[in-house]
Amino acid sequence: MDKFGTGDSSLAHLQRVKVDQLKLDYTFIADIGTNKRSLAITSAIIDLAHALDLVVVAGGIETEEQRQILTELGCDQLQGFLFSRPVPEENLTSLISQISAIHKNTR
């Protein structure tokens with residue numbers, strides 16, 4: 001369920017629609033390091049999603065601080081400009097190989 005917490009992506013949908021992951025809306029992530037309410041809401045959504053056996057994806061990660069906070073909160077997957085700008089499909093295989101090589105060297 002994309003952009004969870006905004007618009008049509010409500011808690012009621014979690015009862016009716018079969019989903020296996022939630023994607024946190026960027027509005028909660030943008031100021032997660034400075035806004036206690038954003039932090040509390042994000043933490044609660046992650047806990048709720050995990051209680052429902054859902055994978056939590058956070059998009060729009062732009063800073064190391066956001067990455068660190070979301071990792072500490074137990075967010076399952078992160079994506080955003082901190083990691084990479086959008087990549088054309090024909091360059092994706094090369095990018096994955098580069099990331100794999102970096103990951104192997106950090107173990």
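Reply: Start with the ground rules. This is a predicted model, in which local features need pLDDT of at least 70, side-chain atom pairs count only at pLDDT 80 or more, and totals for chains, interfaces and linings use all residues. Residues are numbered from 1 along each chain as its sequence is written, and side-chain values use heavy atoms, with hydrogens and water left out.

Next, confidence. pLDDT is the predictor's confidence in each residue, from 0 to 100. The protein chain has a mean pLDDT of 85, and 89% of its residues reach 70 or more. Helices (H or I, at least four residues) and strands (E, at least two) are DSSP runs, numbered from the N terminus.

Now the core. A nonpolar core is a set of buried Ala, Val, Leu, Ile, Met, Phe, Trp, Tyr and Cys residues joined through side-chain atoms within 4.5 Å. Buried means under 20% relative accessible area, exposed over 50%, and partly exposed in between (1.4 Å probe, protein chains only). The largest core has 16 residues, and Leu24, Ala58 and Leu70 have the most contacts inside it. Strand 1 (21–24), helix 2 (26–29), helix 3 (36–51), strand 2 (55–58) and helix 4 each supply at least two of its residues. Helix 3 gives the largest share, three residues.

Look at Leu70. Contact means heavy atoms within 4.5 Å. Leaving out residues up to four places away in sequence, Leu70 touches Leu24, Ile29, Ile32, Thr42, Ile46, Ala58, Ile61, Cys75 and Leu78.

Helix 3 also holds Ser38. Ser38 is buried, at 8% relative accessible area.

Arg67 forms a salt bridge with Glu64, with the closest N and O atoms 2.5 Å apart. The rule is a side-chain nitrogen of Lys or Arg within 4 Å of a carboxyl oxygen of Asp or Glu. By this rule the count is one. Arg67 and Glu64 are three residues apart in helix 4, so about one helical turn separates them. Arg67 is partly exposed, at 26%. Glu64 is partly exposed too, at 39%.

Last, helix 1 (residues 11–16), where Leu11 lies. Leu11 is exposed, with a relative accessible area of 53%. Where pLDDT is low, the predicted coordinates should not be read in detail.
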